[in-house]
Amino acid sequence: MTNTNITYLLLMPFSLSPGVFCFSELSFITEPSDVTVIPKDPAILDCQAHGQPPVTIKWLKNGVRLAESKHIQFLPNGSLYIPKVKHNKEDSDEGFYQCLSQNKYGAILSQRSRLTIASISQFVVHPVPMVVTEGSVARFSCAVTASPPATITWELNQSMLPLETDRITVLPNGVLQIHNVQLEDAGQYRCVATNIGSRMKSREAALTVNIGAGPKPRQRPRIIAGPQNITASLHQTVVLECMATGNPRPIISWSRADSKPIDVYNARVLGNGNLVITDVSSQHSGVYLCRATTPGTRNYTIAAANLTVLVPPSIVERPESQTRPRAGTARFMCQAEGVPPPHITWLKNGEEPLWFHHKRLVITQIIPEDDAIYQCVAESEQGSVLSLARLIVVMSEDRPSAPRNVHAETISSSAILLAWERPLYNADKVIAYSIHYMKAEGLNNEEYQAVIGNDTTSYIIDDLEPARNYSFYIVAYMPMGASRMSDQVSQHTLEDVPLRTPELSLTSSSPTDIQVSWQPLPAKLSRGRVSAYRLSYRTASDNTVTSVELAQNSTEYLLEGLQPDTIYLLRMAAATRVGWCEPSAWTSHRTPKTSSSKVPPAPLLQLEPLNCTSIMARWQTSQGSVVVQGYRLCYHEEGQPEQPTIQLQAQTSDYTISGLDPRRKYHVKLLAFSQAGEGYQADQTVSTPGCVSVRDHLAAAPPAPDHVIALANSSSAVSLRWSRPAFTSGKAVSYTVRCTPVGTHNASAIRYLQITNQSVMVQNLEANTRYEFVVRLHLDQMSSPWSSVVYHRTLAAAPSQPPAGVRVTLIEDDTALVSWREPPEPNVVVTHYTILYASQEAWLAGHWQIMQKEGSNTMALLEKLEPGNTYLVKISASNQVGDGPFSSTVELALQRGNGHRSKNPRHSDMFSDGLYHIDQRSMTGIIVGVCIALACIAMCALILISKGRSSPKVIGGGIHEGPHAGLSLPSEHHAENVEALMPMINNHFIDAKGGSNMLINSAGPVKSGSQSKRWLFFKREKCSPTCLYESGKTVLRYEERLDAAPLAPSSRDIIYGPLHMESSHTSEGSQETGDSGHYSNEESNEEMSNPSSSQSSRPQPFGPDGSAPGSELKPSFEVENEETQSQCQECTVIHFHYI
């Protein structure tokens, strides 16, 4: 038979007794509430009760019963009437009132109501005179004690000021702020406090405005009036002030330290950065951060304040009426919550206090006088609330005798065997036994009960704590009542290994030591008498562990002779006579750096769990010669990465860490800093307790949300939705959504959203970025695990920035090279670039020439330019989403009548040429590199000569056996293991400029025309005499290698040339443009995919005289000339170098 069935069986006979449950429960219909009145006005406090007549009502003031008089009258409906409220030093009606209702079953007391007489006291804070400079800020404040709270307004020269303008803000807490002070703001200021009872004016204060002396210098932001710690009652309005100065004027922003979003429905910004929260509730409690930032920079200042919202008591578990037999046991449970936590007391029949200050009221060995109405009273400074229950005592004389010869025997550290003999009388009528047990030591210990059937006389209690004394007694039950309690016996459970280790506190007083301290384990965790501690430590870079065993009464130990500025890992284990417990996780601590300057010592840190999700950190700093400028606090859950550091002001001595998970261990680090730098660090660990359910049992964590689905709505928003897990609780739940960019190592990039719906739109995301999303559920201060991770990428967006580094270089008299870099924004996708260029005359007429290039190109040629004109060029990037903005216009001036090219290309860009000057050290490195390269070439040449003499197949002198000996045509097949010797320089050079038919051979130049050309070409393949250069088939290749050093050529490269098409040679030209890619003056790149051009040689540049180049870097371009099959059966790949 189960315990539940037996309990039901025990109660069932009483429910059948006639008249037992036929009483009328006494209750209140209306209870008195708080009232505020003006002196000499009438006041009414309502009170109405319901119950079996007759019902009488009496009144109490401050706990003392009131007598009816002419001044205080009791109305027929039970209300209290005061015709004329008195308020003087000798006699005042102000105070706390309660009504007491009574009938034949008992009496009950109402909730407490407060009668307040409206008044305004003298000003606590008066405004003080100020002298400010024109254009700066001014601030006045005043404070007054009033009931009800007074409304504050301000007057200038005895004329009312508006509550809010562009420059003037009046805060509800009595602060006047004036931004950008003008000369006409000078005058006499005073505040006026008004409520229903009175009106009062403060002293006047003069504001003097001086004329500013010239432009103000740049100033870092400084908060001159930051938020203050505030304690507010439920539904009040809270003002968090934040007033900052700086040049330029800083931007004020607000956030919460626990990363929760600020309530957008009840919060608003008043004036130039003050946060006002109306109708505050418990969810608004937390630490708020005001941040003043200089626009366009990372200069900022932060001020923090803690908002505590006081919540009136409310009863979450009410006592239930019970019917019990004489000599039985009755248990009433009452649990309340509120901020601060309410104090619980019990009343019997409304007036008789029971000195039992606990949430459980236990009445054992019940007698007839215990038949009464019992009330649970939950009180705090925010008010009181009551709940009642009735105890009915049933009389029966036909009861069994008590169980006999009760004895207990210890089985283990958590189990005791209890045995007994049946009652001497009426044993055959016993239907169940009730076993009662509780801890024998201490006060207000809870009594536990187990009910078993009548078929056994022994029972094992197996949920006990180790190394504890327990007392036991047994009661026998029959259908008409219970026996008296048996004799009590006591027994002690065995010891066990400690449940966990002490939490360590680590500080350093010098760079070579660590002071380790801890608190003794409480009995619940030690599970016996601790016999020893073991402290182990090592450095983070060394796995060698050193252990020290310490005596049982030790609470601290100093590690000496350590290395400065080194991370040490420490852990501890504890032992009882049974054995050692599992050691704790490693705790890290960095020893301070060795410094000649004096830095602040480590603060004395104390951590205290406030509840299952919050920790209070308090600290003290020893008084010394070092002036502390502030503190830095950091915390993280064990095994998790550290949270961002929180910077606190020097006058701060405590901080509340909220938003934690229950039953987790957290590491907290704190240090002070001064002008000399950061001081010594204090490390400490603390564990959050488990959240308690209304039944005083540890509640199981709710399941995580499931079926999480993400859908990208735009380039900056993702829609997220999920399903609520299946569990029976009908209480309101909330959710936390965590959004993290994939691969981020920046804690500030992680976002948390608090919502109550099962969907959310996550906005302000980066375009074309992959994010991970997880969701967790919150219920009754419990949090579920995070859901499964969902990955999703935001949509691509049109480029928001123009291409960077736009540069125009004149390479021919009528041809210019335009180069650029991709837009400097992350994850941008560019499908094509649009180039607009026009002469100044065409630009004035609004006529632009348009050219488009694929997104992989960052270079283009502008041809057929007219000499003597100035051209304007600008570029934009586009993708499938849209077009980005155009770059700034770049100008290129073409000289008129210039018959030949200058020595250096003319270029125009948006950067100063001074940025590209090469210093002496770089020039020396270039010369050394060139010398090494020449030495390598000489060695390779010797190897080639030696191999050429022994090779049966030699191709030399630029003579080929067949077309395309060194480069295969598409229709040809490569032969394997064929050696070929390629000359580095051929005998023939050709001018690559379109339209020229001038040839230069080994005998000298053959000129056609009078125009002199300055481009020399090194040709890889010999071309047939009939092969003519075709205009318009020039392909420029250009590659940037800013950070990589040039690689030495391999043997394969020397013999066959590089296998890739692009040159890895870094020249001055590439450094100046900083661009890479394949570029063509054709709109189609089909020719570039021709397999016949898949190889190219990379000869070293030589001057006209065949000598190596000097120390001056020269632009190098690689040109691929493809000739039509009708003119030349082979494709020529050539290199040209501008000399």
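Reply: Happy to. Let's start with glutamine 158, which counts as exposed because its relative accessibility is 55% (exposed means over 50% relative accessible area, buried under 20% and partly exposed in between, with a 1.4 Å probe and protein chains only). Please keep in mind that this is a predicted model, in which local features need pLDDT of at least 70 and side-chain atom pairs count only at pLDDT 80 or more, while totals for chains, interfaces and linings use all residues. Residues are numbered from 1 along each chain as its sequence is written, and side-chain values use heavy atoms, with hydrogens and water left out.

Glutamine 158 sits in the loop between β16 (151-156) and β17 (159-160). Strands here are DSSP runs of E with at least two residues, and helices are runs of H or I with at least four, numbered from the N terminus. The backbone of glutamine 158 deserves a look too: its phi is near 65 degrees, a positive value in a residue other than glycine.

You will find serine 259 in the loop between β27 and β28 (267-270). Its relative accessibility is 40%, so serine 259 counts as partly exposed.

The loop between β26 (243-247) and β27 (251-256) holds proline 248, and the bond from asparagine 247 to proline 248 is cis, with omega near 0 degrees. Another cis bond links valine 339 with proline 340, where omega is about -5 degrees. Proline 340 belongs to the loop between β34 (335-339) and β35 (343-348).

Serine 434 counts as buried because its relative accessible area is 0%. Its side chain makes a polar contact with that of glutamine 449 at 2.5 Å (a pair of N or O atoms within 3.5 Å; within protein, one must be able to donate a hydrogen and the other to accept it, and residues adjacent in sequence count only if both atoms are side-chain atoms). Leaving aside residues up to four places away in sequence, serine 434 touches Gln449, Ala450, Val451, Tyr473, Ile474, Val475 and Tyr477; contact means heavy atoms within 4.5 Å.

Now for the sheets. An open sheet of three antiparallel strands runs in the order β40-β41-β44, where two strands pair if DSSP finds at least two bridges between them. Its edges are β40 (404-410) and β44 (458-461), each pairing on one side only. Strand β41 (residues 416-421) is joined to β44 by four bridges in the antiparallel sense, and alanine 419 has serine 458 in β44 as its bridge partner.

Further along, β62-β63-β66 is the order of another open sheet of three strands, again with antiparallel pairing. The edge strands are β62 (706-712) and β66 (759-762), and each pairs on one side only. Between β62 and strand β63 (residues 718-723) there are five bridges, and these strands run antiparallel. The bridge partner of alanine 712 is valine 718 in β63.
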